[in-house]
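Here are some exercises to work through with the structure on your screen. Try each task before you read its solution.

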Amino acid sequence: MIIFKYAADVIHQVKKGRQTETATGFIPTMGALHQGHTSLLQKSKQVCGLTVGSIFINPTQFTNADDFKKYPVTLENDIYALEKNGCDILFLPEVKEMYPNGTIPEKHFDLGYLETILEGKFRPGHFQGVCQVVCRLLEIISPTHLFMGQKDYQQCLVIKRLLELENSEIVLVICETLREANGLAMSSRNLRLSDQQKEQASHIYKMLLHVKQNITSGSLLLLKKEAKEYLTINGFKPDYVEIATANNLKPVDKWDGKTELVVLAAAYFGEVRLIDNLILNQ
Ligand code: AMP
């Protein structure tokens, strides 16, 4: 694996790799890598001849200064994990390399309704920051395939929209969520939890499963209310629990029994904010 700090060098290396390999897979990350991240890498290896990863803790997508400050950094382990899983190129830029003209956005992305709900509502500006960094990364790496995790369900829909806005032909590959044995979705932020807290935090997944197992056509209001209460009883401070149409995230209060749905939740466990989701009728 070759590591680059500068955009010009990574652009040059990807171009060189493209001479022999037609498909280039790209996995953007913020580091503190776990098996969820490496599963994206493995997926890319199956589909693409050249796999590029990036590690960049993007300041413009954080809406809470403390969350940014406390974001875990495990660079040595990350490099080892990427190398071990066959990553060809790692792009490891600093802020000034990503934002040579400063972090103030030069462009607004028209994400419409998608950025007014759920994560967009609770973290205003977050998805503009995500689009700002992904747009810049795609410009530098120019991959044929982009691998992202279903764990960040709304982010996947936002990136799908971004690719449409940019008339991009990049194929977005959405990969399943990897979980701990107790069901807790793997997340870099889990590093901030003790083992005991991780056990307790798995209630978020148990709640999602409960919704999946108990959903019936008709009103969903009681099920949503119970799900939120379940989180509160188990020590979470929920931002939201929502059941929505899987393809556009419109909230559904009354289900026809057919439309594909997703249940999504975000909740604080102590100081750590966790998100998770489950497709309900796949
Ligand atoms: P992050 O480093 O949190 O920005 O995540 C980088 C990529 O890894 C995103 O596309 C995430 O959706 C994905 N990801 C994070 N956690 C998981 C997980 N548990 N399973 C699969 N993909 C994940």
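Contact means heavy atoms within 4.5 Å, and helices (H or I, at least four residues) and strands (E, at least two) are DSSP runs, numbered from the N terminus. You are looking at a predicted model, where local features need pLDDT of at least 70, side-chain atom pairs count only at pLDDT 80 or more, and totals for chains, interfaces and linings use all residues. Residues are numbered from 1 along each chain as its sequence is written, and side-chain values use heavy atoms, with hydrogens and water left out.

**Exercise 1.** Find which residues of α1 meet which residues of α7.

**Exercise 2.** Describe how α7 (residues 126-141) and α8 (residues 153-165) cross.

*Solution.* First, take the axes, which are lines fitted to C-alpha atoms, for helices over the stretch in contact; angles run from 0 to 180 degrees between N-to-C directions. The two axes come within 10 Å and cross at roughly 55 degrees. That makes α7 oblique to α8, given that angles under 35 degrees count as roughly parallel, over 145 as roughly antiparallel, 65 to 115 as roughly perpendicular and the rest as oblique.

**Exercise 3.** How many disulfides does a search of the whole structure find?

*Solution.* A disulfide is a pair of cysteine sulfur atoms within 2.5 Å. The search finds zero of them. Check Cys-131: its closest cysteine sulfur, in Cys-135, is 7.4 Å away, so the gap is too far for a bond. Now try Cys-156, whose nearest cysteine sulfur, that of Cys-175, is 8.4 Å away.

**Exercise 4.** Is Cys-131 buried or exposed?

*Solution.* Buried means under 20% relative accessible area, exposed over 50%, partly exposed in between (1.4 Å probe, protein chains only). Cys-131 has a relative accessible area of 0%, so this cysteine is buried. Cys-156, at 3%, is buried too.
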